[in-house]
Amino acid sequence: MGTHDITLTVNGEEEALTVESRTLLVHALREGVGDTAPKVGCESGKCGACTVHLDGEAVKSCMVLAAAADGGEVTTVSGLGGASGEGEGTAELDAVQTAFHEEHGLQCGYCTPGMVMTVEDLLAERPDPSEAEIRHQLKGNICRCTGYQNVVRAVETAADRLSEDPEAELGADAADADGGTASEVSD
Amino acid sequence: MSLTDAPDEQREADEAAGETDDEGGKLVGQGIDRREDAALLTGRATFTDDADAPRVAHLAFVRSEEAHADVEAVDTAAAEALDGVLAAYTWADVEASDAPGVLPISAEALDCDPPGHPVLARERVRYHGQPVAAVVAEDRYTARDGVEAVEVSYDPRPAVVDPVEARGADAPTLFEGAPDNVAVTTDLGDEAATDAAFAAADRTVEVKLENNRLIASALEPRAALAEYDAGSDELTVTMTSQSPHGHRRKLSETLGLPERSIRVVAPSVGGGFGHKGHHHPGEAAAAWAARRLGRPVKWTATRSGNYLAGAHGRDHRTTAKIAVDDDGTIRGLRADTDAGVGGYGLGGGASLPGWYGSLLSSEYAVDAVHCRTRSVFTTTAPVHSYRGAGRPEAIYVTERLVDAAAREVGMDPAELRRRNLIDPDAFPYETPTGATYDSGDYEPALDVALEAVDYEAVKAAPDRDDDGRYRGVGLACMVESTGSGFETGLVRAHPDGTVTVYAGTHSHGQGHGTTYAQIVADELGVPYDDIEVAEGDTERVPTGTGTFGSRSTVVGGNAVAESAADVREKATRIAAHRLDADPADVTLADGTFSAPDGSAVGFADVAAAAHGGDRPAGMPPGLEATTAYESEATAYSFGTHAVEVRVDADTGEVDVETYVAVDDCGERVNPTILDGQVHGGVAQGVGQARSEHAVYGDDGELLTGSMDRYALPRAASVPHVETRATVTPSPHNDLGVKGIGEAGTIAAPPAVVNAVLDALEPLGVDSVDMPLTDERVWRAIHGEPGR
């Protein structure tokens, strides 16, 4: 099995890795980089729990070979809202994460890292989506707990807040954001 | 009973109250945001596969490609020769060890005595996907290479996947002691009385139906990380468990180790739905291999492995009858059911179907009920409880029958239901199948549902909408038994006055970290933020049962509440001693004890005193209490769900226009979390009604072994659910609570199917089996070509 020396920039940090040709990006992130935020639910691109941003686009990281992502910039949910590298106790959440918290848009939380990254991408492309558009755009992310209802509300709330508050930024583009809608949440 | 109306406004008020901490008010009843969320939203929560250990090895299974066969030979040599493969194990290795290696079966509840499920196949396989061998390697990819390299030869036997066919004379026998494959036949109710009731009734109606086989599909596949410390001879299994103490006991039986030497840790768990309460081969095999290898061993199910070999749910075939008088009075109910239980009994899975009939009379005052259920082995994955576990099967039968009866006597289905509801003054109410309902007031919930769905208007509207689609409205009334068994709650005040609540339940989405803290804050009188909740570790939590069957708030909530009250009582005596006052005169609010003379002492000072400071003479040190709580009797939640649909007769497409869920679970600890439970349960119920179906080919191959074949609901296929509540407290526990976790999976399937059948009544369609895919609905309308 051939190996490849690759470089990934993950949540702003450059990481050098040696991976097999067959190594999936999600496994490189989880076991090579040690960022276990993206989850594995199906390894076949069906559930969306492993969704990350690769060079600014939402991708299912189980459908990308790590070697093919060489040189890429990856953002995972742990890189949003300035949470990366934070100590214990509190976390800064970005507008989307805050809305998921406020609207009870998560229960077990296993789909959440992927769901949030999909929503970040959705709102970057459609700042004011209708409920039908939201539901359609979430088709690649399965949630077995919430029935999606409060996920949809969270997306609507995040969209409202982003449109009302010009200071607010989407976390994917704002790893260093310290203002806007980021909020302190007790852990 | 009281009504909680206008849910959105109520919810906003709840939230506002929660955020302002509602000075002096109770936290129970407020929809405060969950404290669990931050870790989950930032990727910092640790799920089992996220956990690491030094020198961890990875285990993967060779799974049977046959549904039913004798295993002639397993050749592991090529696998063992691979670089990075540490070992390849078969049953022979397990048999040669000191571990029994078998998942126990509760055979005392069966009519036969079949063996339990071996962790690796012992001579024979009985379902597609059964683990045959296990490969352990340095990394997960190499473990899979090893799996590919193992050669298994089989001598196939005939498969049988349908429980009715499995009882036939030509069917292959799975276990010698059950030649007709019937594990147990269970009779509930009085057959003779039911015969008499049917003979005396004006009319009888029969319905044949299938309760489709389902796969729980928690988004996190099952996983385990087993670490063995040879120095202390202790085994720690971090695993995806709803029931840490239950799994410790089961692992102890399979591994032949005392419970005291096993620690089970259930960290963040990505959904359970019953599935993660059962004892499966993977976790046990990882634990066995870790001891054998002297290295940590991690096993994480693939999605297909989880679908093939994790316990499935439902799989009933039922012929049911209702006896009804012309005035709509229900005289009797009877059901005859064949329930597939799969190729092995897992724990009590093979006897579980026998109890489903206990809820057949549901909300109705019916004097005669009889249910006969045969649990039948088939060459399929084991079947065990899945969210609802018998209640959805029962209520689906009842609600289909009630609609059929309304059609037979020409009465409106809502009116027929109303006429037969148990009177609110009749509680406690004993049913003909032996259940005793604690409390209920069923008619208001029905009325709220009818009003919210605008029932009269929909019924009065033309059969077809302007666009030609058929219009239908369906109802499902239901009861749900909740809160069985015992649970522990330990409340411990630390010397600094902060509090930890240790509970034997496990939260995997239910938000116990928030709701238990709400309950304890109210009972103990200390600030919510000073209270943490610990679950999911047999070494931190002394003993417990787990989370399943809509039980946690009922038994876990009351356990922690009682302990909190005990701690408060002791703390008050210490405070009174410090304040030189009578304990009866000392009050506690927001963490401060006050005496009538205005003097005060903080809870933290009292807690410090309890741990070695100035306290009443003779009082033992410490400030904690443990309650092993057992509910006096089962609490029965209830409610009515109402659904309006449109059906396109040309395509078979069904659209759910309106979904109203009215649920009564007694006192409501956190309405936001409660609504979330209903949303999720309804989505799973709509999934069963519309798309989910675990299908086996006649040769025993699971045809729906992946997420692209097993159709889970997605955001666009789930309706918006309008939640309403009535509140009828349970008299059996101090909190007045009942469970709610399974209500949606119980009510949604009959409500949706009844709505579709109502829409199709003008077309002469009176039956269709779930899942109501477009194709099935189209065939119900247009007939089966060639038949």
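Reply: Helices (H or I, at least four residues) and strands (E, at least two) are DSSP runs, numbered from the N terminus. On that basis the elements of chain A run β-β-α-β-β-β-β-α-α-α-α-β from the N terminus on, and chain A has 5 helices and 7 strands. This is a predicted model, in which local features need pLDDT of at least 70, side-chain atom pairs count only at pLDDT 80 or more, and totals for chains, interfaces and linings use all residues. Residues are numbered from 1 along each chain as its sequence is written, while chains are lettered from A and ligands numbered from 1 in the order in which they are written.

Me: What makes B:Asp190 partly exposed?

Reply: A residue is buried if 20 or more other C-beta atoms, placed from the backbone, lie within 10 Å of its own, exposed if 12 or fewer, and partly exposed in between. B:Asp190 has 17 other C-beta atoms within 10 Å, and therefore counts as partly exposed. B:Asp190 is located in the loop between β10 (182-189) and α7 (191-200) of chain B. Two residues are in contact if their C-beta atoms, placed from the backbone, lie within 7 Å. Leaving aside neighbours within four places in sequence, B:Asp190 is in contact with B:Ala368, B:His370 and B:Pro432. Between B:Asp190 and B:Thr433 the C-alpha to C-alpha separation is 7.9 Å, although they are 243 residues apart in sequence.

Me: Why is strand β24 (residues 486-493) of chain B called largely enclosed by the rest of the structure?

Reply: In β24(B), 6 of the 8 residues are buried, so the strand is largely enclosed by the rest of the structure.

Me: With which strands does β24(B) pair in the antiparallel sense?

Reply: Two strands pair if DSSP finds at least two bridges between them. β24(B) has 7 bridges to strand β30 (residues 624-630) of chain B, in the antiparallel sense, and B:Thr488 has B:Ala628 as its bridge partner there. With strand β25 (residues 499-503) of chain B there are 5 bridges, also antiparallel; here B:Val491 is partnered by B:Val501. The hairpin of β24(B) and β25(B) has 5 residues between the strands, and B:Gly497 takes a positive phi near 90 degrees in it.

Me: Why are α16(B) and α17(B) described as roughly perpendicular?

Reply: Axes are lines fitted to C-alpha atoms, for helices over the stretch in contact, and angles run from 0 to 180 degrees between N-to-C directions. Angles under 35 degrees count as roughly parallel, over 145 as roughly antiparallel, 65 to 115 as roughly perpendicular and the rest as oblique. Helix α16 (residues 552-579) of chain B and helix α17 (residues 603-610) of chain B pack at about 95 degrees, with axes 9 Å apart. They are therefore roughly perpendicular to each other. B:Ala571, B:Ile574, B:Ala575 and B:Arg578 of α16(B) make the contact with B:Phe603, B:Val606, B:Ala609 and B:Ala610 of α17(B).

Me: How many residues of each class does that helix contact have?

Reply: Ala, Val, Leu, Ile, Met, Phe, Trp, Tyr, Cys and Pro count as nonpolar, Asp, Glu, Lys and Arg as charged, and the others, Gly among them, as polar. The contact of α16(B) with α17(B) has 7 nonpolar, no polar and 1 charged residues.
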